[in-house]
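Here is a short walk through one structure. Start with the ligand, then turn to the aromatic rings.

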Amino acid sequence: MSGVTEAGFPQEWQQKAAEIIESGRLIVLVGGVDSGKTTFASYLVNRIMEAGLSCAVVDADVGQASIGPPAVISLGFPESPVERLSDIPMDSFYFAGAISPQNHLLPCVVGTKKMVELARKKKNPDRIVVDTTGLVRGRVGRTLKAYKLDLLEPDVVVFFQRRKELEDLARIWERRAKAFRLRVAAEVQRKTFEERARNREEKWRLYFAESTRHELPLKELAFSRGILGAGQPLEREEREKLSSSLGKKVLWAESSSEQGILVVEERLSEDELLWVKACLGLEQADLHQLSPLYFRGLLVALISEGGEARALGIVQELDFEGEKISILSPLPAGEKIAEIQFGSYRFPLINGQPAFQRAAFRPPEHGQPSED
Ligand SMILES: Nc1ncnc2c1ncn2[C@@H]1O[C@H](COP(=O)(O)OP(=O)(O)OP(=O)(O)O)[C@@H](O)[C@H]1O
Ligand SMILES: [Mg+2]
């Protein structure tokens with residue numbers, strides 16, 4: 001085929017890769033869905049290593065993850081040539097909380113920067129390649145990419161374009177750094193929504209394959225990024241008083257100046273809520289009630305005392321009475337966990353086991369490309 005190298009890659013890749021590698025240390029790949037970013041990333045990694053340079057890869061694609069599981073921004077240090085980006089073992093990760101950057105722009109941007117910084121701190125490699133999600137369209141996509149690039153200050157940005165759709169960003173980045181434009185190769189195949197969902201399922205299955213049940217005492221944990229943990233919890237005695245006055249079991253109650261959270265097995269009426277609001281001094285704030293089942297199947301990250309993400313987990317049960325949380329996770333036994341970061345992604349549980357199936361995903365309108 002003309003325009004294709006012996007190895008099956010576009011000739012353009014071969015020509016530009018050398019120039020890209022020479023142009024600087026931090027290289028960010030930007031393009032729409034199925035534009036060849038991840039394939040090019042693995043090609044580039046091999047070319048970097050062939051040139052005798054050390055390399056790190058930050059995989060910021062929380063939807064179609066390669067190095068880590070979905071919902072994280074992962075860092076890996078390839079040691080030998082790779083066939084696929086997913087051959088690179090994960091060294092560290094930052095939890096993004098969801099399988100799409102939509103509504104999670106901050107963790108995606110912060111996490112990518114943190115993983116780049118960590119790569120520098122740990123091994124200071126000659127080159128760092130950042131692969132990103134295909135979410136580039138619309139206000140959300142452009143905001144994500146523009147601010148991510150602003151924060152990363154890359155030396156090189158590679159834009160994958162079909163019809164000059166990223167020229168606005170390319171114009172800026174050819175002035176600030178080195179910008180390369182690559183045509184989306186004719187060989188690039190579109191992944192269907194189903195394929196994307198299947199890729200994710202496979203990644204989840206692999207990641208959680210060696211998981212065990214971890215029971216962590218609530219007293220030793222801080223909760224972050226979730227509905228719990230923002231307020232001051234009521235002591236057990238006060239909670240019991242509240243339960244007996246209401247005649248309904250209050251499993252958890254916490255309040256801040258902005259809001260209150262109740263976890264109750266039986267829903268409270270409007271009148272009961274008003275009464276609890278008065279009891280908690282929350283007249284000016286919202287009071288939300290949740291079922292204890294709300295937490296089941298939630299994706300969480302287990303964080304060490306120093307703030308490092310050690311493993312992902314799936315909540316099996318938040319046992320308020322027993323004051324413990326049960327989490328299915330590949331976390332090695334004996335590792336001390338100080339904080340639980342709540343994600344917004346939830347697995348359906350069947351007999352307490354997560355079902356890695358498409359029931360968890362809502363397909364887009366038929367025929368719409370999926371921008372996860
Ligand atoms: N140069 C190429 N020659 C042949 N096939 C290719 C080439 N580049 C990409 N592909 C194929 O096209 C598909 C999409 O490529 P790839 O996953 O690299 O794109 P992407 O931009 O990373 O997609 P996503 O939006 O999912 O992150 C894959 O199946 C890949 O194997
Ligand atoms: Mg990709």
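**Around the ligand**

A backbone N or O atom of S35 lies 2.8 Å from an oxygen atom of ligand 1. The protein covers 81% of the 620 Å² of accessible area that ligand 1 has on its own. This is a predicted model.

Two side chains also come up to the ligand. In T39, a polar side-chain atom is 2.4 Å from an oxygen atom of ligand 1. In R196, an N or O atom of the side chain is 3.1 Å from an oxygen atom of ligand 1.

Now take in the surroundings.

Next, the aromatic rings. The structure holds 17 aromatic pairs. One of them joins F208 and F347. A pair of aromatic rings is described by the distance of the centres and the angle of the planes. For F208 and F347, the centres are 6.1 Å apart and the planes stand at 85°. Planes over 60 degrees apart count as edge-to-face, so the pair of F208 and F347 is edge-to-face. This pair links distant parts of the chain, 139 residues apart. F208 belongs to helix α6 (residues 193-208). F347 is in the loop between β17 (339-346) and β18 (349-350).

Notes
Residues numbered from 1 in each chain as written. Chains lettered and ligands numbered in written order. Predicted model: local features only at pLDDT ≥ 70, side-chain atom pairs only at ≥ 80, totals over all residues. Heavy atoms only, no water. Polar contact = N/O pair within 3.5 Å; in protein donor to acceptor, adjacent residues only side chain to side chain. Areas by Shrake-Rupley, 256 points an atom, 1.4 Å probe, with all protein chains shown as cover. Phe/Tyr/Trp six-rings, centres within 6.5 Å; stacked < 30°, edge-to-face > 60°. Helix = DSSP H or I, 4+ residues; strand = E, 2+ residues; numbered from the N terminus.
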